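Biologist: I am new to this structure, and I would like to go through it slowly with you. Could we take the chain as a whole before turning to single residues?

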Amino acid sequence: HHSIFDMDMHFENHIWIPILTGLTSIHLAFSLVWLLFHILSYRQHIIDLGIDEWKEANPRSLKLLSHPVYKAYLETVIFFSDKELVYTVFLVMCSFLGRYVNFLFNSVNTIDLCTSI
């Protein structure tokens, strides 16, 4: 029985496991920083643009924005409708899985890098 978590069976020389663990830890840290900067840079712009579009599409429902719960719900929906943010979260999840589950999950990030070059 082979487990996806058993890295020792995939490498004849076990020195590669700590090296790859260190590299994937660095990659995960940089991926989290990338996600954080994306959120900090674009969050307010995306929400403001989405609310302006919602106001144009729903002129009779403008009074709903005065309710803080509905406004928070609308901002959350608009925030997570950003496809670039969702894709970045997916890549960070792959980095996390590459660090803690199996190194092969990092191949998704490598494929993303190759397609963007």
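**Surface, helices and a pocket**

Modeller: The chain exposes about 8,700 Å², of which carbon and sulfur atoms supply 67%; accessible areas come from the Shrake-Rupley method with a 1.4 Å probe, and for residues only the protein chains shown count as cover. This is a predicted model, in which local features need pLDDT of at least 70 and side-chain atom pairs count only at pLDDT 80 or more, while totals for chains, interfaces and linings use all residues. Residues are numbered from 1 along each chain as its sequence is written, and side-chain values use heavy atoms, with hydrogens and water left out.

Biologist: In what order do the elements of the chain run from the N terminus on?

Modeller: Helices (H or I, at least four residues) and strands (E, at least two) are DSSP runs, numbered from the N terminus. The secondary structure comes to four helices and zero strands. From the N terminus on, the order of the elements is therefore α-α-α-α.

Biologist: Which helix gives the largest share of the lining of the largest pocket?

Modeller: A pocket is an open set of points, on a 1 Å grid over the protein atoms alone, where a 1.4 Å probe fits, with protein on both sides within 12 Å along at least five of seven lines, and lining residues have an atom within 4 Å of a point. The largest pocket holds about 190 Å³ of space, a volume being the space filled by probe spheres set on points joined across faces, edges and corners. Helices α1 (16-57), α3 (83-100) and α4 (107-116) each supply at least two residues of its lining. The largest share, five residues, comes from α4.

Biologist: Which residues lie closest to the centre of the largest pocket?

Modeller: The lining of the largest pocket divides into five nonpolar, seven polar and one charged residue; Ala, Val, Leu, Ile, Met, Phe, Trp, Tyr, Cys and Pro count as nonpolar, Asp, Glu, Lys and Arg as charged, and the others, Gly among them, as polar. Of the 13 residues that line this pocket, the closest to its centre are His 27, Asn 109, Thr 110, Asp 112 and Leu 113.

Biologist: Is Thr 88 buried or exposed, and which residues does Thr 88 touch?

Modeller: Thr 88 is found in helix α3. Buried means under 20% relative accessible area, exposed over 50%, and partly exposed in between (1.4 Å probe, protein chains only), so Thr 88, with 2%, is buried. With contact meaning heavy atoms within 4.5 Å, and not counting residues up to four places away in sequence, Thr 88 touches Trp 34 and Leu 35.

Biologist: Why does Thr 24 count as buried, and which residues does Thr 24 touch?

Modeller: Thr 24 has its place in helix α1. Thr 24 counts as buried because its relative accessibility is 6%. Leaving out residues up to four places away in sequence, Thr 24 touches Gly 98, Arg 99, Phe 103 and Asn 106.

Biologist: How many disulfides does the count come to?

Modeller: A disulfide is here a pair of cysteine sulfur atoms within 2.5 Å. Cys 94 is buried at 5% relative accessible area, whereas Cys 114 is exposed at 53%. By this rule the number of disulfides is zero.
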